Amino acid sequence: MWILLKKDLLRLIKQPAGFLFLIAVPIVLSSLMGLIFANSEHGVILPHIALVIEDHDDSLLSGLLKNAFHQEELGEMFDVTEVDKDQGRAYIEQDKAAALLIIPAGFSDSLLALTPTELILVKNPSLDFGPKIVEEMVHILAEAADRIVRIGEEPITTIRNELENNERMTDATMAAIAVMINQLMTKTGSLIFDPPITLNKQSVSENESNNSNKSLFASTLCGIATMCLFFILNGLAVDYFREREHYTMYRILVSPTSSFDYILSKYVYLFFAGLISFLAVWSLAFFVWRIPIPLSQVLPFCLMLVIITSSSVGIISLIYSLVRSRSQAAAIIPALIIVFALLGGAMIPIQALPPFFERLSIFSPIYWGVDGLQKILLDQQGLTMLASHIMILILLSIACPTLSLLLQRRRILR
Amino acid sequence: MLKVSNLTKSFDRVLAVDHIFFHISIGEIFGFLGPNGAGKTTTINMICGLLNPDAGEIELDGQVLTPDRTGLRHKLGVVPQEIALYEELNAYENLRFWGRLYDLSGNALKGRIHELLQLSGLAERARDRVKTYSSGMKRRLNMIAGLLHRPALLLLDEPTVGIDPQGRHNILDSVREIAAQGTTILYTTHYLDEAEALCDRLAIIDHGRILAMGTEGEIKSIVGENAIIRITGDISKEDIEPLTSRFAHLKIESQKERELLLSFSTAERAGDIIEAMYASGLDIENLQIKEPSLDSAFIKLTGRELRD
C-alpha cells in the first residue's frame, strides 16, 4: 500500500501544476476575503444613495425637512439634489437617483393646521436597497415632524391665528405666546432635555472592529475552505478514472497487490493531499490574516480538520464508485458539491435559507464540518460540546469508504 | 506449468470464453491466435486473477489460481496490450515502482532495471519522462516492466499492436531471447506471421471457443491439402453451384456480402477451376488463391479471415 502511495505522491511532485491549481482556488479566495475583512480600518461602510427632492412648498418646514438629509451621517449616506418642479422623474427614469421626494405645495400650512398632508416618494424600480432606505428615512422624518407639531399645538395655533388676522402681533399677544411656550417647556422639558433613559453612545474601537471583521472572515472561511476541500478532492479523485484509462490500474491489479491495497492507497493519497490543501488555507488564515484562535482551541481545531478531511475523502470516493465514467463524474459531482455547500451553510448562512431547506441542512455532510469549525473558532466550544458533529463525521469516514471499497472491488472484478 | 480446464466466462449473456481447455509446458511459447473479440484477453485476465471465471479451473505449477491468491502472481509476468505506464515519470521511476510491487528492492532491483534497460536499448533515455518517448520505445518499456521479477510464465497480450515493422521485429527478437532464458510464454496475437514465427504450439480461438490446437504443422493438417480461393464481385452461392458439381473437391466455405470463400483440394488444378469460373461468365472483380497455411486453416475453421 505504501509503495502505491509513494508512487502517487511522486507523480504529484513530478507534475504539480494540477494540484497547485486546485489549491490555488481556496488560497486566492481566502486571500481576497482576508483583504476585504481582516485589514479593514473603516468599520462599517455606509451606502451612498442618490436622492432627488422637488420642493413645491418652499417653506421653512420644507427647508427643515430637506436639511435633515444633510445632517451628520445622513449627509454621508444621502447625495441630495434639489431640482425644479416636474424634473425629478427624469432622474429616476435615467437611473440617476434611487428615489424622488416631492414636498407638495401647502405642506407647511397643512402641518401647522394639523390637517392631513402627504409627502410623495417615487422609488426607482430598478434599484432595491437604496429606495427602501429612503422610504424608511422619510417615514421617520415625517413622524418626527408630526410629533413636534402636536407637542407645540397651542403656541403654533396662536401664532398662526395672529399671523392670519393681524400683520403685526401686539406686545400682549407676544407675551401670551411666550408664556405658553414657557409652560410647554416646563411640562415637556423633563422629557425633551433630561430624558429618563440615557443613551450612552460609545464608539467602537479600531481593535474591536477588526476582531468583529475577523470573526466574520473566520465564519465565512469555515464554509469556503470546506467547500473547496470537496472540489480539491474531486479534482484529485479523477485519478481513479485516469489509472483505469491508462491501464496502470490493470497492471497493478495483476501484480501481487490486492485490490483492497490499491483502493486503500487511493484513499490515503486523497486524505494526505486534501489535508495539505486544507492546512495551507488555514495556515494562511492564521499566520497571514491573523484570525485569532485561543491556544486551547488549536487541538480541537486540528482534530476537526482531520475528521472533516477523512469524511470528505470517504464521501467523494463513494460518489466516484457510483459514477460510471469520467464525463459522468464531471457532470454530477460538482453539482452535488454545490448542493451540499448551499445546504451546509458553506456559501450562505443556514439561517438565511428558507425554513424547509434549513431543516434539510443536517443531511449535507458539509454542514457538520462547517458548523463544527465555526463552533470551535467562534464560540470556543470544546470537543465534548461537538460530540454529535464528531460522531457523524467519523461515521461518514468509516461507512462511506467501506461501501466505496466494496463497490470498487466489485467493479474491478467484473 | 499452466493448465486451463473447462474455463468459462460470460458478460451480460455474451459468452466470452466457452469451456476451453489447454496446457502450456515449461519453456514453451504458446500462441493464442484469434481475431479481436475472440476471447484472448478475457482468458488472460482470468489467468492473471483479474477476473473470476464462471466455471473451470486454472492451475499454475499445480496450484489453483484465484483472484484472492495474489501470492501466486509472483510467478506471472503480464504485458498488457495497452501501454500501462506513468507518463509523468521517467523509465527508471516506472520500473522501480513496478519492481517494488513484486517485492524487489535495493541493489537487486537496481541491477535488474539496468539489465533490462540495456536489453531494450532504453538505457540512455532512462531519466527522460515516458511521455517524451516514441510509441516503439513505450512498447519496449511496457514489455520489460513485466519482466522485472523474472516471471516463470509471461503473458504477452498482443505486444506488437500499433508499432512499425522495425519495432515489431525488435519485440519478436526480445520474446525469443526471453524464451531462450527459460521463461514460459503465452503469446496472444491476431498476426499469423508472428504466431508462425514464434510459437511452438498454437490455439486458434474464435467466439470464445478453441477451434484447433497443436503445432503449426498439426493445425495446417486440419485443412488437409486444401487451398482457399477468395473471390470478390457480384457472385452468389447459386452462381458457383454448377462448378461445385463439376469439381468434386471444390467446396463453398462462406459468403459475406460481395465476398465468397471456396476451398479446393490441391488434387484439383487451380487453373482449371479459374478457367471454368471465367468461362461461366461470373462477374469477378478480384480473385486470390491461398496455398495451405495457418491463414487457410483459420479460414477453414472460422469461415473468415483473421483480419475480420
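Visitor: In which sense do β6(B) and strand β7 of chain B pair, and over how many bridges?
Guide: The model is predicted. In it, β6(B) and β7(B), the latter covering residues 153–157, pair in the parallel sense over four bridges. Two strands count as paired if at least two bridges are found between them. Four bridges are given for β6(B) and β7(B), so the term applies. Within this pair, Val79(B) stands opposite Leu156(B).

Visitor: What makes β6 and β10 of chain B the edges of the sheet?
Guide: The order of the six strands in this open sheet is β6-β7-β8-β3-β9-β10 (chain B), and the pairing is mixed. Because β6 (76–79) and β10 (209–214) of chain B each have a single partner strand, one side of each is left without a neighbour in the sheet. From one strand to the next, the twist averages 15°.

Visitor: Why is β8(B) called largely enclosed?
Guide: A residue is buried when its relative accessible area is under 20%. Six of the six residues of β8(B) are buried, so the rest of the structure largely encloses this strand. In a regular strand the side chains alternate between the two faces of the sheet. In β8(B), Thr184(B), Leu186(B) and Thr188(B) lie on one side, while Ile185(B), Tyr187(B) and Thr189(B) lie on the other, and both faces are covered.

Visitor: Which strands pair with β8(B) in the parallel sense?
Guide: β3(B) pairs with β8(B) in the parallel sense over five bridges, and β7(B) and β8(B) are likewise joined in the parallel sense over five bridges. Leu186(B) is opposite Phe30(B), and Leu186(B) is also the bridge partner of Leu155(B).

Visitor: Which helices lie on these strands?
Guide: Helix α5 (residues 165–180) of chain B lies across β3 (29–33), β7 and β8 (184–189) of chain B, and runs at about 155° to β8(B). Helix α10 (residues 294–302) of chain B packs on the sheet as well, touching β3, β9 (201–206) and β10 of chain B. The direction of α10(B) makes about 35° with that of β9(B).

Visitor: How do you know that helix α1 of chain B is mostly covered?
Guide: Seven of the eight residues of α1(B), which spans residues 40–47, are buried. Among them are Lys40(B), Thr42(B), Ile44(B) and Met46(B). The helix is followed by Gly49(B), which has a positive phi, near 85°.

Visitor: Why is Leu383(A) called partly exposed?
Guide: The term covers values between the limits of under 20% for buried and over 50% for exposed. Leu383(A) has 29% relative accessibility, and therefore counts as partly exposed. Leu383(A) is found in the loop between α17 (365–377) and α18 (387–412) of chain A. Leaving aside neighbours within four places in sequence, Leu383(A) is in contact with Pro300(A), Leu303(A) and Ile390(A).

Terms used: Residues numbered from 1 in each chain as written. Chains lettered and ligands numbered in written order. Predicted model: local features only at pLDDT ≥ 70, side-chain atom pairs only at ≥ 80, totals over all residues. Heavy atoms only, no water. Buried < 20%, exposed > 50% of the residue type's maximum accessible area, 1.4 Å probe, protein only. Helix = DSSP H or I, 4+ residues; strand = E, 2+ residues; numbered from the N terminus. Axes fitted to C-alpha atoms, helices over the stretch in contact; angles between N-to-C directions. Contact = heavy atoms within 4.5 Å.
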